[in-house]
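Me: I'd like to learn how to read a protein fold step by step. Could you walk me through one with me?

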Amino acid sequence: MLEIKHTLCPSCSVGCGINVILDNDAVVGSFPYKRHPVNAGKNCANGRNSIGNFVNKINEASISNGGADLIKAIDEISKEISTNDKVTVVLSGNNSLDEAEAIKSFSDENNFNLLFYADDLRNFEEVASYEDIEQASSVLVIGDILYENPLIGRRIVHAKQNGAKIFSNIKAEKSVTANISDETTSTSVQEFLDNYKDNLDESSVIVFNTVDSSDDLDKIEGLGSKVLPVYSKTNTKGILNIADPNSKEEIIELLDNTKVLLVFNDDIVNEFDFDFKSISKVISLSAFENDTTKISDIVVPVKSWLENEGSFVNAMGESQDFSPVIESDALGIVEVIEKIKG
Ligand code: SF4
């Protein structure tokens, strides 16, 4: 029997709604959530493909790439983290707020290093709403937002249709954002801001998903315009209220000083150019197979977002709750942490 259930897209921080199609409780597809206020009936390709992850679902624990009993795998994790110093815990924008709180407490209580990457961006207390973009007289765009975060890109297109001037700074040779921009440059972010700051007024918005350095963030904040940082992971904005982010350089230094790496639902191997073989034990708690689980010494399956409940905070700072779309026997991250502690 076909059934439709609503949830959130897990593929970037925009916070679009998504409808999941179930056939006798099996996930068979998705389509956009028409009445959702964020995306109003559209999902981008990344959003539509997020359901495709399900073919890579991890169903059983493993130790050294061989199937293992879940309890044995959790015992092994407890042993590794209690007998080694230099343990680093990876907190991710893929984690829900409850999971992030539990991971942070677990790391703090055990004096582990906490690693959290927020795209080299940081938290901005006051951020523009998506409606602010549509009403702006000018929009300064840093990064290829139309390609990477299309449902915010759509708001930029609406702003242009409403008469706004669009100025963009994009390093890539080809970009989708350039197609709708009045002017596009590929200078440093500092130079771009210097060149276009005179086009800003009180309704303007600076939208960005990348910068060259943290100095750029200070400069963006100093211009006094509305700002909207857009993160690559669903709940990075929410987790920035729980933990401080690390820069790429800090992360490489942390990894250099790590003997046991405990990764909570992330694919750090795919994200950072680092020799992960130099770490004695890599441990993954993950719903889906990825480059990190492939090189992990211990893997514990956890509930995916489709099997879980929780809250994500989207780029404009709205907390959005989600409920399970399908049932699962897997443990959630919070439950696994409780078992590791015990
Ligand atoms: S813009 Fe982001 S949240 Fe929206 S459908 Fe695309 S990937 Fe998902």
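Me: Which residue ranges does the domain assignment give to domain 1, domain 2 and domain 3?

Reply: Keep in mind that this is a predicted model. The domain assignment gives domain 1 as 2–56, domain 2 as 68–119 + 237–341, and domain 3 as 130–230. Between the C-alpha centres of domain 2 and domain 3 there are 32 Å.

Me: Let's take sheets next. What is the strand order in the open sheet of three strands?

Reply: The general idea comes first: strands of a sheet pair through backbone hydrogen bonds, either parallel or antiparallel. Here the order is β1-β2-β3, and the pairing is antiparallel. The edges are taken by β1 (2–8) and β3 (26–32); each has a single partner strand, so one side of each is left without a neighbour in the sheet. On average, neighbouring strands of this sheet are turned by 30° against each other, direction ignored.

Me: How many bridges join β2 to β3?

Reply: Six bridges join strand β2 (residues 17–23) to β3, and the two run antiparallel. To find your place in the viewer, look for V20, which stands opposite S30 in β3.

Me: And what is the order of strands in the open sheet of seven?

Reply: That one reads β5-β4-β15-β14-β13-β6-β7, with mixed pairing. Its edge strands are β5 (66–67) and β7 (113–116), each with a single partner strand, so one side of each lacks a neighbour in the sheet. For a parallel example, take strand β13 (residues 260–264) and β14, which pair over five bridges. There, V260 stands opposite K281 in β14. Helix α2 packs on this sheet, touching β4, β6 (87–91), β13, β14 and β15, and its direction makes about 130° with that of β15.

Me: Now a single residue. Is I133 buried or exposed?

Reply: I133 lies in helix α4 (residues 130–135). It counts as buried because it has 27 C-beta neighbours inside 10 Å, where 20 or more is the cut-off. Leaving aside neighbours within four places in sequence, I133 is in contact with A128, V139, R155, I156, A159, V205, V207 and L228. I133 and K226 are 93 residues apart in sequence, yet 9.1 Å apart in space, C-alpha to C-alpha.

Me: What can I read about the strand that holds K226?

Reply: Strand β12 (residues 226–229) has both faces covered: K226 and L228 on one side, V227 and P229 on the other, are all buried. Four bridges join strand β11 (residues 205–208) to β12, and these two run parallel. In that pair, V207 stands opposite L228, and both V207 and L228 are among the contacts of I133.

Notes: Residues are numbered from 1 along each chain as its sequence is written. This is a predicted model: local features need pLDDT of at least 70, side-chain atom pairs count only at pLDDT 80 or more; totals for chains, interfaces and linings use all residues. Two strands pair if DSSP finds at least two bridges between them. Axes are lines fitted to C-alpha atoms, for helices over the stretch in contact, and angles run from 0 to 180 degrees between N-to-C directions. Domain bounds come from an automatic or database domain assignment. A residue is buried if 20 or more other C-beta atoms lie within 10 Å of its own, exposed if 12 or fewer, and partly exposed in between; C-beta atoms are placed from the backbone. Two residues are in contact if their C-beta atoms, placed from the backbone, lie within 7 Å.
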